[in-house]
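Subject: Structure for your review

Dear colleague,

Please find below the structure I am handing over to you. My notes on it follow.

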Amino acid sequence: MKRGAYGLFILHPSAFILGTAALLALACPTTIAQPYPSKPVRLVVPFTPGGSSDIVARLIGQKLTEFWGQQFVIDNRPGAGGAVGAEAVARAAPDGYTIIFANPGPALHNAVLRKKPSYRLDDFAPIAYVGYTPNLIVANPKALFNNLKELVAYAIGNPGKINWASPGMGSNPHIALEMLKAATGIDVVHVPYKGAAQALTDMAAGQVDAQYASIASSEPFIKTGRLKVLGVSGGKRQAVIPYVTTFTEQGLPGADSTLWFGFLTTAKTPRTRIAKLNGGVNRALQMPDMRGRLENLGVEIEGGTPEKFSAFIRSEAERLKPLVEAGALQIE
């Protein structure tokens with residue numbers, strides 16, 4: 001600044017540029033991009049603690065916290081087969097600070113199988129496909145059947161006598177049950193719970209007879225003899241339970257199903273933030289300690305781009321169409 005000919009102070013031109021920039025920054029603070037994430041991220045798990053989704057979400061969420069120094073806070077939101085948690089994410093601000101670790105129940109079934117869904121597939125933006133795990137059919141140790149053939153024979157001879165648990169209407173185990181019923185013609189009583197952990201506990205106590213479950217959630221019960229395994233889905237036996245034969249080996253290929261996992265967020269979230277989350281998840285999946293832990297839980301790791309996960313979900317929706325159109329699958 002200098003004094004002019006008439007005693008006025010004259011600002012150097014650069015001062016005008018700096019002053020204008022400061023005013024614009026005050027008026028539009030979002031013009032200065034903040035690094036992402038710059039605050040904790042809410043990681044919704046739409047089921048109760050202790051189930052397979054909760055276990056895997058916590059493992060990966062911890063890695064993301066370590067990568068970026070921001071907490072990925074687990075928010076268990078159980079209810080309606082995962083619909084309660086999924087709806088919360090569908091309605092969240094599209095800023096990448098609310099994400100969901102979903103399996104087929106909340107990510108697909110509740111959107112396409114309910115008569116009046118509270119959200120649509122298009123309400124979400126896929127982030128990354130984590131992988132899949134085979135389903136087990138487990139039973140109370142005192143049940144009068146020890147494999148799938150015996151279970152089907154007993155159910156046909158005693159219609160309505162087997163109480164079959166699931167983590168909720170529209171959950172992956174519930175849909176797997178409906179596919180089993182369609183493939184075999186058995187008549188069992190569906191008993192929906194609000195999560196896998198309580199269903200497994202009640203089965204071990206003899207209050208229900210059988211259910212579909214993942215290796216991750218049922219492993220502690222199997223190891224201690226509180227549950228017995230009747231069969232495993234997928235194309236191969238599992239290393240952690242090599243003595244258990246597959247559904248196909250037992251002559252029930254039509255009842256085969258798997259449980260897949262992945263991360264999604266609210267639709268219209270900026271692509272840059274989705275890309276960063278995708279990179280973080282893929283990085284975590286390639287770490288030796290993570291791969292070892294997931295493989296011990298029976299998870300076949302996938303990874304890949306958001307586009308890969310989106311295409312996979314759409315293909316799964318197409319796979320359900322014949323059953324929906326035939327009236328075999330529909331949730332009230």
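Helices (H or I, at least four residues) and strands (E, at least two) are taken as DSSP runs and numbered from the N terminus. This is a predicted model, in which local features need pLDDT of at least 70 and side-chain atom pairs count only at pLDDT 80 or more, while totals for chains, interfaces and linings use all residues. Residues are numbered from 1 along each chain as its sequence is written, and side-chain values use heavy atoms, with hydrogens and water left out.

Asp54 lies in helix H2. With a relative accessible area of 4%, Asp54 is buried (under 20% relative accessible area; exposed is over 50% and partly exposed in between, with a 1.4 Å probe and protein chains only). Its contacts (heavy atoms within 4.5 Å), not counting residues up to four places away in sequence, are Val45, Thr48, Pro49, Ile74 and Asn76.

Helix H2 (residues 52–68) belongs to a right-handed β-α-β unit with strands S3 and S4. Right-handed here means that, with the strands pointing away from the viewer, the path from the first strand over the helix to the second runs clockwise. Strand S3 (residues 41–45) has four of its five residues buried, so it is largely enclosed by the rest of the structure. S3 pairs (at least two DSSP bridges between the strands) with S4 (residues 72–76) in the parallel sense over five bridges. S3 also runs parallel to strand S5 (residues 98–102), joined to it by three bridges. Leu43 has Ile74 as its bridge partner in S4 and Ile99 as its bridge partner in S5.

Turning to the aromatic residues, the structure holds 13 aromatic pairs. Rings of Phe, Tyr and Trp (its six-membered ring) pair if their centres lie within 6.5 Å; planes under 30 degrees apart count as stacked, over 60 as edge-to-face and the rest as tilted. Phe145 and Tyr154 form a tilted pair, 5.6 Å centre to centre with 55° between the planes. Phe145 is buried at a relative accessible area of 2%, whereas Tyr154 is partly exposed at 24%. The rings of Trp260 and Phe312 have centres 5.2 Å apart and planes at 85°, so this pair is edge-to-face. Trp260 lies in strand S11 (residues 258–266) and Phe312 in helix H11 (residues 306–325), so the pair ties together parts 52 residues apart in sequence. Ring pairs link Tyr129, Trp260, Phe309 and Phe312 into a cluster.

Yours sincerely
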